[in-house]
Amino acid sequence: MRLLHNGTVLVSDLEVASSFAKRSKGLLGRASLPESQGLWIKRCNSIHTWFMRFAIDAIFVDSSLHVVHVYRNLPPWRVTLPRLKATSVIEVAAGTLPQTLNPGDQLYVET
């Protein structure tokens, strides 16, 4: 799957974590996250980066894929506040999100 914003591909290889096991593991155990990859964690409105080895950017979205909140360069050993309107989170490599991505923006997923 691919993640798009304003016709631009943000992530060309989007992995989905919808099961309890995949959501619990997330990006833990990985040494890094390539710029082309991302993880879409469904049924989630808060994340942590405990035990992670690298920083990430995180996009909190609602059920229609409207951006609710964006965290840029979230370092290891942090916890985000719950974003009550968010229904899922998309995690990508730190520094890969365009500065033009803001709350209210519409994202699209292509299969």
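Reader: Where is Trp 77 placed?

Author: In this predicted model, Trp 77 sits in the loop between strand S6 (67-74) and strand S7 (88-93).

Reader: Which residues form a nonpolar patch on the surface with Trp 77?

Author: The patch consists of Trp 50, Phe 51, Trp 77 and Val 79. Together these residues have about 490 Å² of accessible area.

Reader: Turning to pockets, what volume does the largest pocket have?

Author: Its volume is about 210 Å³.

Reader: And how many residues line the largest pocket, and which lie nearest its centre?

Author: The lining comprises 14 residues. Nearest the centre are Arg 23, Ser 24, Ile 41, Ile 47 and His 48.

Reader: How do the residues of that lining divide into nonpolar, polar and charged?

Author: Seven are nonpolar, four are polar and three are charged.

Reader: Which element gives the largest share of the lining?

Author: Helix H1 (residues 20-25) does, with four residues.

Reader: A change of topic: how many salt bridges does the structure hold?

Author: The structure holds two salt bridges. In one of them, the side chains of Glu 110 and Arg 2 meet at 2.6 Å, N to O.

Reader: What does the pair of Glu 110 and Arg 2 tie together?

Author: Glu 110 belongs to strand S8 (residues 107-110) and Arg 2 to strand S1 (residues 2-5), so the pair links parts that are 108 residues apart in sequence.

Reader: Finally, what radius of gyration does the protein have, and what would a compact globule have?

Author: The protein has 13 Å, which agrees with the value near 13 Å for a compact globule with 111 residues. Along the principal axes, the C-alpha atoms fill a box of roughly 35 × 30 × 25 Å.

Definitions and conventions
Residues are numbered from 1 along each chain as its sequence is written. This is a predicted model: local features need pLDDT of at least 70, side-chain atom pairs count only at pLDDT 80 or more; totals for chains, interfaces and linings use all residues. Side-chain values use heavy atoms; hydrogens and water are left out. On a 1 Å grid over the protein atoms alone, a cavity is a set of points where a 1.4 Å probe fits but cannot get out, and a pocket is an open set with protein on both sides within 12 Å along at least five of seven lines; lining residues have an atom within 4 Å of a point. Grid points are joined across faces, edges and corners, and a volume is the space filled by probe spheres set on the points. Helices (H or I, at least four residues) and strands (E, at least two) are DSSP runs, numbered from the N terminus. Ala, Val, Leu, Ile, Met, Phe, Trp, Tyr, Cys and Pro count as nonpolar, Asp, Glu, Lys and Arg as charged, and the others, Gly among them, as polar. Patches are made of residues with over 30% relative accessible area and no salt bridge: like charges are joined within 9 Å, nonpolar side chains (Val, Leu, Ile, Met, Phe, Trp, Tyr) within 5 Å. Accessible areas come from the Shrake-Rupley method with a 1.4 Å probe; for residues, only the protein chains shown count as cover. A salt bridge is a side-chain nitrogen of Lys or Arg within 4 Å of a carboxyl oxygen of Asp or Glu. The radius of gyration is taken over C-alpha atoms; the globule rule is 2.2 Å times the number of residues to the power 0.38.
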